[in-house]
Amino acid sequence: MTDTPLRNLPAWVALGAHHKKIENTHLRQLFAEDPKRGERLVVEDVGIYLDYSKNRITDETLKLLIQVAEQSGLKAHIDAMFAGEKINISENRAVLHVALRAPKGATIVVDGQNVVPEVHAVLNKMSDFANRVRSGAWKGHTGKRIRNIVNVGIGGSDLGPVMAYEALRQYSARDLVFRFVSNVDGTDFAEAVIDLDAEETMFIISSKTFTTLETMTNAHTARDWLLARLRDDSAIAKHFVAVSTNAKEVTKFGIDTANMFGFWDWVGGRYSMDSAIGLSSMIAVGPDNFRAMLAGFHEMDEHFRTTPFERNLPVLMGLLAVWYNDFFDAQTVAILPYEQYLKRFPAYLQQLTMESNGKHVKVDGTQVDTDTGPIYWGEPGTNGQHSFYQLIHQGTRLIPCDFIGFAQTLNPLGRHHDILMANVFAQAEALAFGKTEAEVKAEGTADWLVPHRLFEGNRPSNTILMDRLTPAALGKLVALYEHNVFTQGVIWQIDSFDQWGVELGKVLAQRIVPQLEGADEPKLEHDSSTNALIRLYRKLKGAPLECPVS
């Protein structure tokens with residue numbers, strides 16, 4: 001570990017000088033000078049083939065980036081995380097999502113206690129419960145089988161479960177219906193339950209403290225919805241379970257604590273999809289598939305922990321992200337999964353990456369001296385090609401891209417998959433090499449049209465190729481990005497595991513809610529804009545609807 005500011009690290013200084021020499025070097029030139037580049041700048045390990053040859057880097061760039069990682073103490077930070085040290089400095093907590101997928105018999109110690117046995121005890125409890133629901137042994141209040149599972153959470157308690165469900169839908173129990181409610185907008189809840197039978201519906205309330213405003217607002221609405229139909233308070237115990245650590249509030253709500261699934265303060269919300277937060281995922285795909293996903297996570301964990309940096313998948317991707325963010329002023333990264341089941345993966349990564357690394361101070365409380373936290377976004381291919389790829393290809397902004405594809409489809413239909421994967425390879429090729437003026441003219445293009453049809457290329461990308469989207473593959477893919485984010489955070493010397501930035505708005509909202517609800521005009525002491533908006537809202541919310549809802 002180092003106390004030296006990032007800008008003062010010898011490798012960082014050398015990297016800056018190196019960037020000035022190669023910043024205008026085109027990928028066409030790099031490939032022409034090294035015909036084997038596309039075979040050489042690849043890593044194949046743990047079932048992932050990473051082609052990073054279409055990045056604006058040379059061997060010297062890689063050497064310097066790895067030196068930055070070494071001089072930043074990345075290996076020591078990795079070891080500290082896996083050892084259970086309290087690397088979440090501002091909250092004085094260990095960071096041990098890796099313990100959630102550690103095999104039985106492993107030892108990971110926090111405050112003198114091996115946490116692995118407790119992790120597996122919760123997994124066993126989850127497995128028993130999931131099997132009872134899936135088999136129909138668990139009955140609702142009226143004796144009917146539970147067929148509808150509604151996960152109520154927000155942030156990591158929603159994004160992980162919904163992403164995993166969509167990603168592994170092919171492996172899910174098709175006789176069960178899964179819905180996910182997160183937004184405090186009442187429409188989210190209303191639409192989730194509009195066609196459900198209360199007698200056959202179970203709610204999973206996911207809130208560590210059981211006090212999160214949005215989640216508990218939705219939870220109480222769910223409670224009211226159920227009781228309005230079943231008219232018996234004792235029904236709550238058969239139709240609600242909790243993922244929480246607050247037994248008092250869970251009991252107060254009416255949930256039997258025997259059906260409360262716990263997790264730990266060393267698990268951050270956005271790193272919790274493989275904890276009890278994944279209960280809905282386990283019910284959907286079954287305990288065996290859930291454990292296969294955990295095994296995939298663990299395989300990537302071990303790769304990250306033990307593999308030299310020059311062959312380390314998350315480290316290389318993290319270093320490349322830093323390279324573009326801080327030397328090319330690339331402010332975003334596009335995540336482009338060519339797999340419809342991964343349609344929620346970019347949204348999941350938005351929280352993982354931006355809540356982790358959207359920081360303006362270092363772990364020591366001083367201001368950062370480089371840009372941190374690029375914006376992650378994306379859509380599945382080929383949809384995105386007919387949406388925003390125009391800007392990536394010919395716009396003025398440099399947007400590094402991660403293409404994600406699979407050699408085998410889960411739904412073989414004629415030529416579909418070959419066409420899909422042809423687009424992966426073609427888009428990466430087009431971004432890298434573009435189309436020159438001579439090539440455009442050779443096609444017979446009129447001179448006046450030539451500028452419009454030019455593609456300058458030199459747009460960087462990674463291509464991630466895997467055999468097939470399985471539970472294990474999903475675990476590897478998520479862990480790849482978890483450790484990618486960690487690598488970036490270590491380089492920037494920030495705490496990737498707190499999220500104080502979400503607190504202020506939540507506190508202010510708690511102050512404003514009663515000012516919107518009361519009958520009497522409240523005393524407002526906000527700024528003039530907020531005061532005016534509150535007054536206008538109070539006026540408009542009582543006005544009659546112009547167009548009655550049918």
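Which residue of strand 13 does Leu50 stand opposite? In this predicted model, Leu50 faces Ile464.

View 1

**View 1. Strand 2 against strand 13.** Strand 2 (residues 48–51) and strand 13 (residues 461–466) run antiparallel and are joined by 4 bridges. Leu50 and Ile464 stand opposite each other here.

**View 2. Aromatic pairs.** The whole structure holds 23 aromatic pairs. One of them, Phe203 with Phe240, is stacked, at 5.0 Å centre to centre and 20° between the planes. Phe203 belongs to strand 7 (residues 201–206) and Phe240 to strand 8 (residues 240–243), 37 residues apart. Phe203 counts as buried because its relative accessibility is 0%. Phe240 is also buried, at 0%.
Phe210 and Phe253 pair edge-to-face, with 5.9 Å between centres and 90° between planes. Phe210 lies in the loop between strand 7 and helix 9 (213–230) and Phe253 in helix 11 (residues 247–253), so this pair ties together parts 43 residues apart in sequence. Phe210 is buried at 3%, and Phe253 at 4%.

**View 3. Charges over rings.** Arg223 lies over the face of Phe253, 5.7 Å from the ring centre. The charged end of Lys238 sits over the ring of Trp138, at 5.5 Å from its centre.

Note on methods:
Residues are numbered from 1 along each chain as its sequence is written. This is a predicted model: local features need pLDDT of at least 70, side-chain atom pairs count only at pLDDT 80 or more; totals for chains, interfaces and linings use all residues. Side-chain values use heavy atoms; hydrogens and water are left out. Two strands pair if DSSP finds at least two bridges between them. Helices (H or I, at least four residues) and strands (E, at least two) are DSSP runs, numbered from the N terminus. Rings of Phe, Tyr and Trp (its six-membered ring) pair if their centres lie within 6.5 Å; planes under 30 degrees apart count as stacked, over 60 as edge-to-face and the rest as tilted. Buried means under 20% relative accessible area, exposed over 50%, partly exposed in between (1.4 Å probe, protein chains only). A charge sits over a ring if NZ of Lys or CZ of Arg is within 6 Å of the ring centre and within 35 degrees of the ring normal.
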